[in-house]
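Subject: Handing over the structure

Hi,

Here is the structure I promised to pass on.

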Amino acid sequence: MLFKNKKFERKVSLQKDVRDSILSFCQMKHPNEGILILKGKSKNGEITVSGLVIPPFSESGPTFAGFPHSFLPFDTSYVGIVHSHPSGSAEPSVTDLHNFFGLVSMIVKSPYDDDSIFAWDRNGDPILISIL
């Protein structure tokens, strides 16, 4: 066999200051959704998030948040996106899965506290999150 199917058990590590910035941004954007790009690195299925980017020309409302990907500069440190769900649900919608960007999609549900952040892969399966 030439290629082995190596399945990674994905895991996300968030720096504490990044987590606090995400929660603050979501609280500030409430009652609308907020969206940010996650910066970091990935190695052997472990995604480490060390920074955030406000996407250019992003738009949001009570039930949506998005941005045109064509305006993003090429940057290999983008590992995914995080957006809020003011409705209080952390489950990814079909639209969330269709607009998946990067390796991980994180959703922050209202009331935006330390236990309100969830990570998902492109299939909608949960990913374990740890805080550094």
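Below is what I found, starting with the ground rules.

This is a predicted model, so to speak of local features I needed pLDDT of at least 70, and side-chain atom pairs count only at pLDDT 80 or more, while totals for chains, interfaces and linings use all residues. Residues are numbered from 1 along each chain as its sequence is written, and side-chain values use heavy atoms, with hydrogens and water left out.

**The barrel**

Seven strands close into a barrel, in the order E1-E3-E2-E6-E7-E8-E9, with mixed pairing. Helices (H or I, at least four residues) and strands (E, at least two) are DSSP runs numbered from the N terminus, and two strands pair if DSSP finds at least two bridges between them. From one strand to the next the twist averages 35 degrees; axes here are lines fitted to C-alpha atoms, for helices over the stretch in contact, and angles run from 0 to 180 degrees between N-to-C directions.

E7 and E8 run antiparallel and are joined by four bridges. Ser105 has Trp120 in E8 as its bridge partner, and Val108 stands opposite Ile117 in E8. E8 also pairs with E9 (residues 126-131), again antiparallel, over two bridges; there Trp120 is partnered by Pro126. Five residues separate the strands of the E8 and E9 hairpin, where Gly124 takes a positive phi near 85 degrees.

**The helix**

H1 packs on the sheet and touches E1, E2, E3, E6, E7, E8 and E9, its direction making about 50 degrees with that of E3. Contact means heavy atoms within 4.5 Å. Val18, Arg19, Ile22, Leu23, Phe25 and Cys26 of H1 are buried, where buried means under 20% relative accessible area, exposed over 50%, and partly exposed in between (1.4 Å probe, protein chains only). Seen down the axis, the buried residues of H1 fall within an arc of 160 degrees, so they line one face of the helix; the arc is that of the directions from the helix axis to the C-beta atoms.

**The cores**

A nonpolar core is a set of buried Ala, Val, Leu, Ile, Met, Phe, Trp, Tyr and Cys residues joined through side-chain atoms within 4.5 Å. The largest one has 20 residues, and Val12, Ile22, Leu38, Val49, Val104, Met106 and Val108 touch the most other members. H1 gives the largest share of this core, five residues. Leaving aside neighbours within four places in sequence, Val12 is in contact with residues including Ile47, Val49, Val104, Met106 and Ala119. Apart from this core lies another, of seven residues, among them Ile35, Phe67, Tyr78 and Phe101.

Most residues other than glycine have a negative phi, and most peptide bonds are trans. These spots are worth a look:

- The peptide bond from His30 to Pro31 is cis, with omega near 15 degrees; Pro31 sits in the loop between H1 and E2.
- From Ser110 to Pro111 the peptide bond is cis, with omega near 25 degrees, and Pro111 is in the loop between E7 and E8.
- Tyr112, in the loop between E7 and E8, has a positive phi of about 65 degrees although it is not a glycine. Tyr112 is buried, with a relative accessible area of 4%.
- Asn44, in the loop between E2 and E3, has a positive phi near 55 degrees. Asn44 is exposed, at a relative accessible area of 56%.

Cheers
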